Amino acid sequence: MKILVAIKQVPDTATQVKIGAGGKAIDPAGITWIVSPYDEFAVEEALRIKEKRGQGEVVAVCLGPDRAKEALRSCLAMGCDRGIHLNDPAWVAADTLTTARALAAVIKQEQPQLVLCGRQAIDDDMGAVTAQLAEVLGWPCAAWIMEESVDADAKSIRAARQMEGGLEVFDLPLPAVISAQKGLNEPRYPTLKGIMGAKKKEIKDLKAGDLGLPTEPPQLSVVALEALPPRPAGRVIPGDVPTAVKELVRALREEAKAI
Amino acid sequence: MANAIWCVVEDDRKGMPKKVMAEVIGEAARLGGPAEAVWLTDTARDEGLKQLAGWGATKVWLLENAAFAPYRSEVWAAALAELATAQSPKAIFGPVTSRQREALARLAARLGVGISADSVAFSIEGEGLVATRPVYAGKLLSKVTWGKQPWVATLRPNVFRPAESQAGKTAAVERPSAKIANAQMKFIERREEVSTGLPELTEAEIVISGGRGMKGPENYVILEAMGKVIGAAVGASRAAVDAGWRPHRFQIGQTGRTISPKLYMGFGVSGAIQHLAGMRTSKVIVAVNKDPEAPIFKIADYGIVADLFEVVPALTEEFKRLLEK
């Protein structure tokens, strides 16, 4: 069974981000880049499906600039068999739909039976690519899944998606797109052998033209990045616990009108 | 007649719109409207239609069909796209919920337009719409705009000012025939979570959160007791979830849920950047922690430096006294 995992390289959460020159993107200087955490759940799940079936191939795909190759190497070190790097200056300001169309074009070439994504990338937190990819391909999709199992013939996948108040279980005929989230699994750490082996695995570079895609302006574009407005200064309420608690409740009722 | 702003209805799956729709309709009207509700459901109640009108929807497009339940994005997006193509709304809004974050993304792809997910503010600038949305773990705000209409967006709950419900308002109800796509997904079952009797984390106006300072899973009962008194949801930090004290669905922050309640109270929560990412747009933030250096005090409106096991019971009693008055 061939499985494709779409991943994104993002700044580490703990990294300080600053607005770059031009005001529409962050300053890349000094940023630590990682594979978006939700994508690691997707990679892990893909590897587990392959291991459980005893055969198959897991292909990691990433749209991003040159630096994104490191993220693909991390996925290869975890155990993915090969990588595809969608690397074209035309995609610098790609929105979710442009990304979904590029991924769909790769998927049409590769013809995997299953596509896994993370539920959202933790840089722009848009969380739209999974559903848009499914739409472009005309495939069913299940987002935010907490468990899955592929049937013996690799004809369908049973997936439990997280909804408000419960889990909803569906059978999706393959091919299908699903998005992974925390709780689905515990992603493995790459072993030293995995890291060494990753250096020899293939990463193919593709440009928009290789996929027969026109270069169009994005449908959603960033006008500006802005710093957060400062929160009004807070205060620590002094005194022993009974006194402080009384004052807190008074303040919540009378000042903040929050209760 | 000006092109409308559509508000896709999130309901309780029993025929009533959820109250988050007051926020969506309120914002659509504030942007100049006209605010029209679009309701995909297997069963709509008359009171539900009245409620949408009461919040200010001037029209309700009611697509009532058994195929809309259980929700499947392929069915919803096809029906919404067909209606949108016929009616040309200028914008299509919905609240951030499990269903709509997926359905509206799929709809935007089908219509070939942009989507702004998890928006926290809008402004009309010239002929266009500009949305504001938190990015990079909530450390920055991104302003985005669309290449063409309809402008599709999801709205973070509890951020926008809700429309006040006015009795006696009416809305025309249109019942267009809906395009029902053949669903590829086959429904097997729904597994309800054991109800805590407390509100859903992402919908609650008050959220109580317990971190590593809770010391163990058995101690969350004191937070739940407080939750019952003030009608609050009870969540947890990543540290507490990773320790196995609470199920994943209760995690607040990155790799968990994003919340924006009127009041957030963290007990024994240190305020790691991952946690702040999921709660920093809360209106009022209270922090209780033994450690005066805990980062959460930097964004808290009110802090108490003390042992949470002393504060929580005293605070619960004080809330009880206040609310029984």
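Colleague: Which domains is chain A divided into?

Modeller: Chain A is split into domain 1, residues 2–211, and domain 2, residues 228–259. This is a predicted model, and the domain bounds come from an automatic or database domain assignment. The centres of domain 1 of chain A and domain 2 of chain A, taken over C-alpha atoms, are 44 Å apart.

Colleague: What makes A:Trp144 count as buried?

Modeller: The cut-off for buried is 20 or more other C-beta atoms within 10 Å. A:Trp144 has 26 of them within 10 Å, so A:Trp144 is buried. This residue is in strand β7 (residues 141–150) of chain A. A:Trp144 also has a positive phi of about 55°, although it is not a glycine.

Colleague: Why is B:Arg13 called partly exposed?

Modeller: A residue is exposed at 12 or fewer neighbours and buried at 20 or more, with partly exposed in between. B:Arg13 has 18 C-beta neighbours inside 10 Å, so B:Arg13 counts as partly exposed. B:Arg13 lies in the loop between β1 (5–8) and α1 of chain B. The phi of B:Arg13 is positive too, about 65°, and B:Arg13 is not a glycine.

Colleague: What makes β12 of chain A and β6 of chain B edge strands?

Modeller: The open sheet has 4 strands in the order β12(A)-β8(B)-β7(B)-β6(B), with antiparallel pairing. β12 (220–227) of chain A and β6 (121–125) of chain B each have a single partner strand, so one side of each is left without a neighbour in the sheet. From one strand to the next, the twist averages 25°.

Colleague: How do you know that β6(B) and β7(B) pair?

Modeller: Pairing needs at least two bridges. β6(B) and β7 (residues 128–135) of chain B share 5 bridges in the antiparallel sense, so they pair. B:Phe122 stands opposite B:Ala131 in β7(B).

Colleague: Where is B:Pro34 found?

Modeller: B:Pro34 is in the loop between α1 (20–30) and β2 (35–41) of chain B. The peptide bond from B:Gly33 to B:Pro34 is cis, with omega near -10°.

How values were computed. Residues numbered from 1 in each chain as written. Chains lettered and ligands numbered in written order. Predicted model: local features only at pLDDT ≥ 70, side-chain atom pairs only at ≥ 80, totals over all residues. Helix = DSSP H or I, 4+ residues; strand = E, 2+ residues; numbered from the N terminus. Axes fitted to C-alpha atoms, helices over the stretch in contact; angles between N-to-C directions.
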